[in-house]
Amino acid sequence: MDEPTSRAERRAHSRGRSRVWVIAGGALVAVIAIAVGAVLLSSGGGESSNASKAPPVTVAKTNVTLAAGDVSADSVGAPVTVSPEVVKATIDSIGTYLKVATVDPLRSAKPAADLSAVFTQAALARVIGVDRSALVDEGLPQVAGELDVVATPVAITGLGDQDGKLALLTASINLDITGTVKSAAKGAKTDPLHIVRTGSFVFTPDANGAWKVSAYSIDVNRAGGGIDAPTSTTAATTGTAR
């Protein structure tokens, strides 16, 4: 039979167990601290990653300002008026012209698309032929920065026939177009482009009642944007334009 342990041995054994629990407890605290540290480090890393991402790309804007101005009407017969619906159709048609003939070619550096929705067949033949350079902004470097197309409020004048029927409309065209193109010159980043187009469109209703441009008188001046020298072009049809 083993002899009973002495009081000194029991105290020593008790101190030994206390040391084990202290060490074990310390190890547990250390593990928790490491785990929490790992979570914090992971969280901090995520924030750092987000902060290191490239800033959002700023998309160049295209701003088009177009609205009706004064609307009036004359007549050789009974008085006529220009209805709000006809005014809207006229402004919408000019807006389509601006998009197809100016905005899209300057943004893409590609030829203008179909303009048959805006011009009658007779007028369109001249627009895509001898008068193209005056009415379409193509063949220029691509506009990379913001593009602003500002139209002075469009003055619309109607003319009635002897039967008191609205026969035609004259719409003023006064456009100020500015943009920035990528310069081909070494060391230069941008090159401002400025286009001013003035004159008038004459609208007449087709067989379906759609108002289209049947005549025009247009002056255009272009400068900058890679153009070697300022250019000026004038185009007019034989139809009535004032």
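Visitor: Which residue follows H2, and what is its phi like?
Guide: Ala 109 follows H2, and its phi is positive, near 60°. Keep in mind that this is a predicted model.

Visitor: Where does Ala 109 lie?
Guide: In the loop between H2 and helix H3, which covers 121-127.

Visitor: Is Ala 109 buried, exposed or partly exposed?
Guide: Ala 109 counts as partly exposed, because its relative accessibility is 41%. The band for that runs between 20% and 50%.

Visitor: Back to H2. How many residues does the helix have, and what should they span?
Guide: H2 has 25 residues, 84-108. At 1.5 Å a residue they should span 36 Å. The end C-alpha atoms are 34 Å apart, so the two agree.

Visitor: Where is the kink in H2 centred?
Guide: On Lys 99. The kink is about 35°.

Visitor: New topic. How many helices and strands does the protein have?
Guide: It has 4 helices and 8 strands. Along the sequence the pattern reads α-β-β-α-α-α-β-β-β-β-β-β.

Visitor: And how much of the protein is buried?
Guide: Buried residues make up 28% of the 242 residues.

Visitor: How many aromatic pairs are there?
Guide: The whole structure holds 5. One of them is Tyr 97 with Phe 119, an edge-to-face pair with 6.1 Å centre to centre and 80° between the planes. Tyr 97 is in helix H2, while Phe 119 is in the loop between H2 and H3, 22 residues apart. Both Tyr 97 and Phe 119 are buried.

Visitor: What about Phe 119 and Phe 201?
Guide: Their ring centres are 5.8 Å apart and their planes are at 75°, so this pair is edge-to-face. Edge-to-face needs an angle over 60 degrees. Phe 201 sits in strand E6, residues 190-205, so the pair ties together parts 82 residues apart in sequence.

Visitor: Is Phe 201 buried or exposed?
Guide: Buried, because its relative accessibility is 0%. Phe 119 is buried too, at 1%.

Visitor: Which residues form the aromatic cluster?
Guide: Tyr 97, Phe 119, Phe 201, Phe 203 and Tyr 216 form one cluster.

Visitor: Last one. What does Val 150 touch?
Guide: Leaving out residues up to four places away in sequence, Val 150 touches Thr 65, Asn 174, Leu 175 and Asp 176. Val 150 is in strand E3, residues 143-151. Its relative accessible area is 40%, so Val 150 is partly exposed.

Methods:
Residues numbered from 1 in each chain as written. Predicted model: local features only at pLDDT ≥ 70, side-chain atom pairs only at ≥ 80, totals over all residues. Heavy atoms only, no water. Helix = DSSP H or I, 4+ residues; strand = E, 2+ residues; numbered from the N terminus. Expected span 1.5 Å × (residues − 1). Bend = angle between axes of the 7 residues up to and from the residue. Buried < 20%, exposed > 50% of the residue type's maximum accessible area, 1.4 Å probe, protein only. Contact = heavy atoms within 4.5 Å. Phe/Tyr/Trp six-rings, centres within 6.5 Å; stacked < 30°, edge-to-face > 60°.
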